[in-house]
Amino acid sequence: MNLRGTVRADRPLVVLAVGEEASYLPPELPVLLTGMGKVNAASAVAAVLAAGPRPSLLLNLGTAGALRPGWAGIHEVATVLQHDLDTALLRTLTGETYGAPLSLATEGAVLATGDTFVADDAARDRLAQRADLVDMEGYAVAWAAAQAGVPCRLVKQVSDEAGEGAARTWRESVDACARDLAAWAARHFA
């Protein structure tokens, strides 16, 4: 976890997984780098929110794999779900719902979050039955924000097609994705 800048109640806190995604963000925005994966994201966000002050908004920017042909560019997320948690099975075992999808906006993409970097055509095709995009932190950020009562937005830049070769494509595209995300943030929050 790495917090750059000062969290203020009148500004958003920009949350990203890794420094490569944050390279070009406006310097006046505080940035929290959580590390990759749901545990890192949830624990970093929870720690910062518990320490206070709380920001006006948690803005999770980052890269995502496209699960559908032709998806490119920047997408705001309307619904985020966990693709690696069997919510239905857990409900039959316990009668409780764990990890239900979270609604964040009325319009936008469906994001599937899990602790797997999806780089397999078969896995991508299975996930495409439930979502448009895939990442590794979005659900955890949104969940931690909801637990703390802080508004949250997820904005994702497509970096790859979540199939064979996705890791290579991510490495090749992350710098351009970071530029696009920074331009988006500057238009909306600078």
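Hi everyone, let me start with a definition: a residue counts as buried under 20% relative accessible area, exposed over 50%, and partly exposed in between, using a 1.4 Å probe and protein chains only. By that rule R168, with a relative accessible area of 45%, is partly exposed.

Now a word on the source. This is a predicted model, in which local features need pLDDT of at least 70 and side-chain atom pairs count only at pLDDT 80 or more, while totals for chains, interfaces and linings use all residues. Residues are numbered from 1 along each chain as its sequence is written, and side-chain values use heavy atoms, with hydrogens and water left out.

Let's stay with R168 for a moment. Its side chain meets that of E172 in a salt bridge (3.4 Å, N to O). I use that term for a side-chain nitrogen of Lys or Arg within 4 Å of a carboxyl oxygen of Asp or Glu. In general, side chains of opposite charge can pair when their charged atoms come close. E172 and R168 are four residues apart in helix 6 (residues 166–189), so about one helical turn separates them. Helices (H or I, at least four residues) and strands (E, at least two) are DSSP runs, numbered from the N terminus. E172 is exposed, at 57% relative accessible area.

How many salt bridges does a search of the whole structure find? It finds nine. One of them joins the side chains of K38 and D84 (2.6 Å, N to O). This pair links distant parts of the chain, 46 residues apart: K38 is in helix 2 (residues 38–51), and D84 is in the loop between strand 5 (74–82) and helix 3 (87–94). K38 is buried at 13%, whereas D84 is partly exposed at 35%.

Another salt bridge is formed by R68 and D132, whose closest N and O atoms are 2.5 Å apart. R68 sits in the loop between strand 4 and strand 5, and D132 in the loop between helix 4 (121–127) and strand 8, so the pair ties together parts that are 64 residues apart in sequence. Here R68 is partly exposed, with 29%, and D132 is buried, with 11%. There is also a network of salt bridges linking D121, R124 and D125.

Next, please look inside. A cavity here is a set of points, on a 1 Å grid over the protein atoms alone, where a 1.4 Å probe fits but cannot get out; lining residues have an atom within 4 Å of a point. The count comes to one cavity of 30 Å³ or more. About 200 Å³ of space lies in the largest cavity, where volume is the space filled by probe spheres set on the points, and points are joined across faces, edges and corners. Its lining has 18 residues, with T63, F117, D135, M136 and W170 nearest the centre. Strand 4 gives the most to that lining, three residues.

Now for strand 9 (residues 152–160), which holds K156. Is K156 buried or exposed? At 1% relative accessibility, K156 counts as buried. The K156 side chain makes a polar contact with the side chain of N60 (2.9 Å).

Finally, the cysteines. There are zero disulfides in the structure, a disulfide being a pair of cysteine sulfur atoms within 2.5 Å. C152 is buried at 11%, and C177 is buried at 4%.

Terms used. Polar contact = N/O pair within 3.5 Å; in protein donor to acceptor, adjacent residues only side chain to side chain. 1 Å grid on protein atoms, 1.4 Å probe; cavity = no way out; pocket = protein on both sides within 12 Å on 5 of 7 lines; lining within 4 Å.
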